[in-house]
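Hello,

Here is the structure I promised to pass on. Please open it first, then read my notes below.

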Amino acid sequence: MSKEELQSYRLNSMEEPTDDMLEAIMLGVQEAARQSTIRVKEELSRRMEELKRQIEERRKE
């Protein structure tokens with residue numbers, strides 16, 4: 001299935017998606033969810049490191 005065919009299809013369309021379309025859509029959703037999870041974990045780690053740094057600074061005072 002070409003990228004153009006997939007982009008031209010909308011789930012609210014009156015026609016049923018083909019199995020290939022559904023598979024391509026779900027693979028796209030899977031990748032988006034995976035990327036989102038990676039970004040969230042990175043942000044959580046960054047915030048935790050910043051919090052640790054702030055705690056250490058306050059202990060030194």
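Predicted model: local features only at pLDDT ≥ 70, side-chain atom pairs only at ≥ 80, totals over all residues.

The side chain of Lys52 forms a salt bridge with that of Glu49, at 3.3 Å from N to O. Glu49 is partly exposed too, at 45%. Why can these two be paired along the helix? They sit three residues apart in helix α2, so about one helical turn separates Lys52 and Glu49.

Arg53 and Glu57 meet in a salt bridge at 2.3 Å, N to O. These two are four residues apart in helix α2, again about one helical turn. Arg59 bridges to Glu56, with the closest N and O atoms 3.6 Å apart. Arg59 is exposed, at 63%, whereas Glu56 is partly exposed, at 39%. Glu43, Arg46 and Arg47 form a network of salt bridges. The structure has seven salt bridges.

Now look for nonpolar surface. Leu44, Met48, Leu51 and Ile55 make a patch of about 360 Å². Met48 lies in helix α2, which covers residues 19-60. Its relative accessibility is 42%, so Met48 is partly exposed.

Last, the overall shape. The protein has two helices and zero strands. Its C-alpha trace spans about 65 × 20 × 15 Å along the principal axes. The radius of gyration is 21 Å, while a compact globule of 61 residues would have one near 10 Å. Of the 61 residues, 5% count as buried.

Best wishes

Notes:
Residues numbered from 1 in each chain as written. Heavy atoms only, no water. Patch = residues over 30% accessible without salt bridge, like charges linked within 9 Å, V, L, I, M, F, W, Y side chains within 5 Å. Areas by Shrake-Rupley, 256 points an atom, 1.4 Å probe, with all protein chains shown as cover. Salt bridge = Lys/Arg side-chain N within 4 Å of Asp/Glu carboxyl O. Buried < 20%, exposed > 50% of the residue type's maximum accessible area, 1.4 Å probe, protein only. Rg over C-alpha atoms; globule rule 2.2 N^0.38 Å.
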